[in-house]
Amino acid sequence: MDAEGFWGRRQAVNAAATLTHCREWMERLGWLTNFDRVARGEALDERTGWVFSDSEVYKLLEAMAWELGRQPDDALEVAFSTLVDRVARAQDADGYLGTAFGHTGQAPRYSDLSMGHELYNMGHLLQAAVARARAGHPDDELVQVARRAADHICREFGEGARDGVCGHAEIEVALAEAGRAFGERRYLEQARIFLARRGRGTLPVPPLQSAEYFQDDVPVREATVLRGHAVRALYLSAGGVDVAVDTEDSALLSALERQWENTVARRTYLTGGMGSRHQDEGFGDDWELPADRAYCETCAGVASIMFAWRLFLHSGDVRYPDLIERTLFNVVATSPSADGRAFFYANPLHQREAGAPAADGVNTRAEGGVRAPWFEVSCCPTNVARTLSSLAAYTVALDDDGLLLLQYAAGEVRAGGWRVRVQTRYPDGDRVLIGVDEAPADAARLRLRVPAWAEGATVAIGDAPARPAAPGWFDVTDVSAGSVVTLTLPRQPRLVFPDPRIDGVRGTVAVERGPLVLCLESVDLPAEVSLEDVRLLPGAPEAAGDGALAAAVIVDPPGSAGPLPYGARADAETATRSTSVPLVPYHRWAERGPSRMRVFVPLARRAGQDD
């Protein structure tokens, strides 16, 4: 991708800063030393990090592998190989790889399938190896290590062996990916076995948890909506799609499509974020989408993309890349700081109090209102890193009829005999200029995604007059080398009203511009004006920079009728003055220092008007 484009800049920062940042923190906290200690045969009864810290090392390796495939770099190659060697030396002779169980001073292997994360960790190892193989190194040391681990898992958990599943789904999607990448059908079969076992209540349930938390309450093919821990549910669903497609299981695939539709329609935030509850990091009930208590874990955003991407590859339905775009710009792009060295874990849509940085750089809480350099549970930085380094895979696709442009980013596309140049400032500009330098001789068409929000979009082919392009797919036929196509996506700010069944934001409105969700930040208000005292007026806001300027009134809220914040009647608010307030892209909030923020802002209402 073009280093000057929206995503190209973030990929450059990811490569230059985030990968090193993650490796240094893992070294500092001893997470890498765990592997060295296993290799030396030391006792690990006082091992550092949570039982799943190995997975962060593997996700970092995956990010490094994708980045090396995107842009080779000698120094990064050395760092990658050195890290792989440290991991490889810790592998047991039978293929098992883990630093938290099974060694001197530790509990036996697989003695805590609910919370031990052993299979989850090795799943991320497999995904790192798949990345390395896909990037042109199918015989790499990491691939050999991962294959030994996968063979071990098949022996331990295959039919007739240990009857169990991992409390944190991940191994399912990883085995399915590895089966494809390495041409090993046994891995796909093991993924199918794990999926079939899930939902039968076999996992021991720790205190304060439930079988639903693990998606072990209902078999996958019988569920109607995603529930429980959001990341677990989404990883499981992504693996389910892979298994359903590769085994031609139409019933399973239909069930997963139904779950996606219901979850997106009733349990997904405007940003594309998923997960309403801090407890269990989980989905709430239908319409339970409070803005101020939204969890919306960054990892859930990544997992949502993985799920939607697989459904798209099967069906070609434009709804899936539409959601991917929303999630990329408003969850994935929101998490990292501009310098790539601090991250959001949770992504609320309303921050009532400005956050404060963690004293030692390690945030012990997932929430907090500021991007943290690291977390005790630091799954999100490495998940962001691997997503950004592999982002190009989500931008284009090929089918029997030609090339599909799914996401718009400046850069060059080379795939299936096509070489296409994309020039755009999107999402900060309206135009996407597509120049076809090479096309297959039998190319039938170039397919463009027109986002669902893009009413009034047009497409011009060469010097011909622009034609209307309705949301959905727009096909440009008879494409050949030298063709130039201009897609124009109007980006006027627009009001977005929440479904009235969402109690937490009834009577409010949000503003979007293009694919970006906007927000109101306290740093843009006069010192004497509180965030709670702003009311937006009906009517489309004006464009301003990369955000908007919205007409508003500042109100003087009525006092309560007694010692409690309630009264016998709802007095009308009194507007003290009219004004306009700037709204900025949500992905930039808290970049100018700790702040208070809200996406959904109350609408001004007249005396006696009900919500």
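**Questions about a predicted model**

Visitor: Leaving aside its neighbours within four places in sequence, with which residues is A178 in contact?
Guide: A contact here means that heavy atoms lie within 4.5 Å. Once the neighbours within four places in sequence are set aside, the residues in contact with A178 are V130, G183 and Y187.

Visitor: Which pLDDT must side-chain atom pairs have in order to count?
Guide: Residues are numbered from 1 along each chain as its sequence is written, and side-chain values use heavy atoms, with hydrogens and water left out. This is a predicted model, in which totals for chains, interfaces and linings use all residues, while local features need pLDDT of at least 70 and side-chain atom pairs count only at pLDDT 80 or more.

Visitor: Is A178 buried or exposed?
Guide: A178 lies in helix 7, residues 171-182, where helices are DSSP runs of H or I with at least four residues and strands are runs of E with at least two, numbered from the N terminus. A residue is called buried under 20% relative accessible area, exposed over 50% and partly exposed in between, with a 1.4 Å probe and protein chains only. Because its relative accessible area is 0%, A178 is buried.

Visitor: How far apart in space are A178 and R70, C-alpha to C-alpha?
Guide: In sequence, A178 and R70 are 108 residues apart. In space, taken from C-alpha to C-alpha, the distance between A178 and R70 is 20 Å.

Visitor: Which residues share side-chain polar contacts with D92?
Guide: D92 is found in the loop between helix 4 (74-89) and helix 5 (118-134), and its relative accessible area of 18% is why D92 counts as buried. A polar contact is a pair of N or O atoms within 3.5 Å; within protein, one must be able to donate a hydrogen and the other to accept it, and residues adjacent in sequence count only if both atoms are side-chain atoms. The side chain of D92 has such a contact of 3.4 Å with H103, and another of 2.9 Å with R109.

Visitor: Is L208, with its positive phi, buried or exposed?
Guide: L208 is a residue other than glycine, yet its phi is near 70°, a positive value. The residue belongs to the loop between helix 8 (185-197) and helix 9 (230-246). Because the relative accessible area of L208 is 77%, the residue is exposed.

Visitor: What is the relative accessibility of E281?
Guide: E281 sits in the loop between helix 10 (250-266) and helix 11 (298-315), and its phi, near 45°, is positive in a residue other than glycine. E281 counts as buried because its relative accessibility is 18%.

Visitor: What is omega for the cis peptide bond between Y426 and P427?
Guide: P427 lies in the loop between strand 7 (418-424) and strand 8 (431-438). The bond that joins Y426 to P427 is a cis peptide bond, and its omega is about 10°.

Visitor: What radius of gyration does the protein chain have?
Guide: The protein chain has 13 helices and 22 strands, and buried residues make up 57% of its 611 residues. The radius of gyration is taken over C-alpha atoms, and the globule rule is 2.2 Å times the number of residues to the power 0.38. For 611 residues a compact globule would therefore have a radius near 25 Å, and the protein chain agrees with this, having 25 Å.
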